[in-house]
Structure formats: structure tokens, C-alpha cells
Amino acid sequence: MEQFEDTRPLDMEDEATRNLVRSYEDDILGGLLAAAGYTDSEDEIQPITIVRNGVTLLNFRIRPLSEEEYNACSKRHTKYIRNKQIGIRIPEETDKIAYRSDLIYTATVKEDREKVWNNKAAWKKLDVLSGIELIDRVLKAGEKDMICDKIDEISGYSSSTEETAKN
């Protein structure tokens, strides 16, 4: 049995219709506000555990990133050159290693970032100058890849999200 959506125009003169529309507007507004607060949502935070040889080495939490945060990380690690023919700067190359480390650093929940990546004692012992450099020194390539995949997933870059958006 097929169901068809009623596409007739609403009679906005009718009080009951106006009240119905207002109730849906509240639902829509609530949905929009909930969607806008995704980066601060406790539901979206995911724990990350780094285990090697059966020993837990690190625990920290990550949150979703906004498109602006992805873009800022990319810009920070992209080398630009001036194109003399058209007179503008164009991207030449992105340092993918530093970019991925910056994504992890940015996605790490603030409290964990301070304890783990901004740990001055670790910086001194490992001779690094920033949390991003510490991530490069501490995490293996596969671990960084797994964490970046998880960041992408919770930030909405997953096949299940694509399916939900299509439907």
C-alpha cells in the first residue's frame, strides 16, 4: 500500500492549522539547535585508547570537528606559492603528517589536550615544542590513521551519515 504526502496548500486562516504549523516550527527549531551544538555534545565525544603489546599507554577523548576547524588545520599545514601569471597565491603542498596530527590535537577534548598533548614535562623529555609535535613523536602512523578515521566518522564523514542524509 503506497502512501502519498498531502501536498495541498495549507489554509493559514484556520487557527488549528496555524497552531499545527507552530508546533512543527518548534520541533524544527529544536532540531536545528541540537544539530548546531554537536561539537559540545557529550553524546558525540568518543574515548580513544592507545594499547601496545596489551598495555594501555594513553587514554584521551575526541570530539567532532566543524568544517571550519578542518579547513583551519589544512591551511596551517599547506605551503602556498605565488603564481606569477595570475598574481595570486595557490596551494603547492600540504604537510599531511602535520595536518593529521593537528586534526588529532584540535579534536582532543580541551581537558585531555591540556593533560596529554600540552604536557610540558613530556615536551622537555621528548624534545618537542608543541602538542602537535608530541603527537608526531608518540603515535604510530596506523594509530593516527585510526584516530583520524574516528574523527571523520563522528564529524559526519561516514557512509552511514551519507545514507541518512539521502533518506
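The legends below describe close-up views of one predicted protein model.

Local features in this predicted model need pLDDT of at least 70 and side-chain atom pairs count only at pLDDT 80 or more, while totals for chains, interfaces and linings use all residues. Residues are numbered from 1 along each chain as its sequence is written, and side-chain values use heavy atoms, with hydrogens and water left out.

**Figure 1. Overview of the helices and strands of the protein.** The protein has eight helices and four strands. Helices (H or I, at least four residues) and strands (E, at least two) are DSSP runs, numbered from the N terminus. Read from the N terminus on, the elements run α-β-β-α-β-β-α-α-α-α-α-α. Of the 167 residues, 29% count as buried; buried means under 20% relative accessible area, exposed means over 50%, and partly exposed lies in between (1.4 Å probe, protein chains only). Contact means heavy atoms within 4.5 Å. Among the contacts with a separation of 6 or more, 54% come from residues 24 or more positions apart.

**Figure 2. The aromatic pair of F60 and W117.** The structure holds two aromatic pairs, and one of them is formed by F60 and W117. Rings of Phe, Tyr and Trp (its six-membered ring) pair if their centres lie within 6.5 Å; planes under 30 degrees apart count as stacked, over 60 as edge-to-face and the rest as tilted. For F60 and W117 the distance is 5.2 Å centre to centre and the angle between the planes is 70°, an edge-to-face pair. The pair links distant parts of the chain, with F60 in strand β2 (residues 55-62) and W117 in helix α4 (residues 110-117), 57 residues apart. Both F60 and W117 are buried.

**Figure 3. The aromatic pair of Y70 and Y157.** Why is this pair edge-to-face? The ring centres of Y70 and Y157 are 5.3 Å apart and the planes stand at 85°, so the pair is edge-to-face. This pair also links distant parts of the chain: Y70 is in helix α2 (residues 67-76), and Y157 is in the loop between α7 (141-154) and α8 (159-166), 87 residues apart. Y70 has a relative accessible area of 9% and is buried, whereas Y157, at 48%, is partly exposed.

**Figure 4. Two serines in the loop between α7 and α8.** S155 is found in this loop and is buried, with a relative accessible area of 16%. Leaving aside neighbours within four places in sequence, S155 is in contact with P64, L65 and Y70. S158 lies in the loop between α7 and α8 as well, and is buried at a relative accessible area of 13%. Not counting residues up to four places away in sequence, S158 touches D152 and E153.

**Figure 5. Helices α2 and α3.** Two packed helices are described by the angle between their axes and the distance between the axes. Axes are lines fitted to C-alpha atoms, for helices over the stretch in contact, and angles run from 0 to 180 degrees between N-to-C directions. The axes of α2 and α3 come within 9 Å and cross at roughly 140°. The two helices are therefore oblique to each other; angles under 35 degrees count as roughly parallel, over 145 as roughly antiparallel, 65 to 115 as roughly perpendicular and the rest as oblique. The crossing of α2 and α3 is right-handed. A crossing is left-handed if the near helix is turned anticlockwise from the far one by less than a right angle, and right-handed if clockwise. From α2, E69, Y70, C73, S74 and R76 meet Y99, D102, L103 and T106 of α3.

**Figure 6. Helices α3 and α7.** The axes of α3 (residues 96-107) and α7 come within 10 Å, crossing at roughly 55°. That makes α3 oblique to α7. The crossing is left-handed. Residues of α3 that meet α7 include I97, R100 and L103, and those on the α7 side include A141, K144 and I151.

Figure 7. Most residues other than glycine have a negative phi. N53 lies in the loop between β1 (46-52) and β2, and is exposed, with a relative accessible area of 81%. D127 lies in the loop between α5 (120-126) and α6 (131-138) and counts as exposed at 67% relative accessibility.
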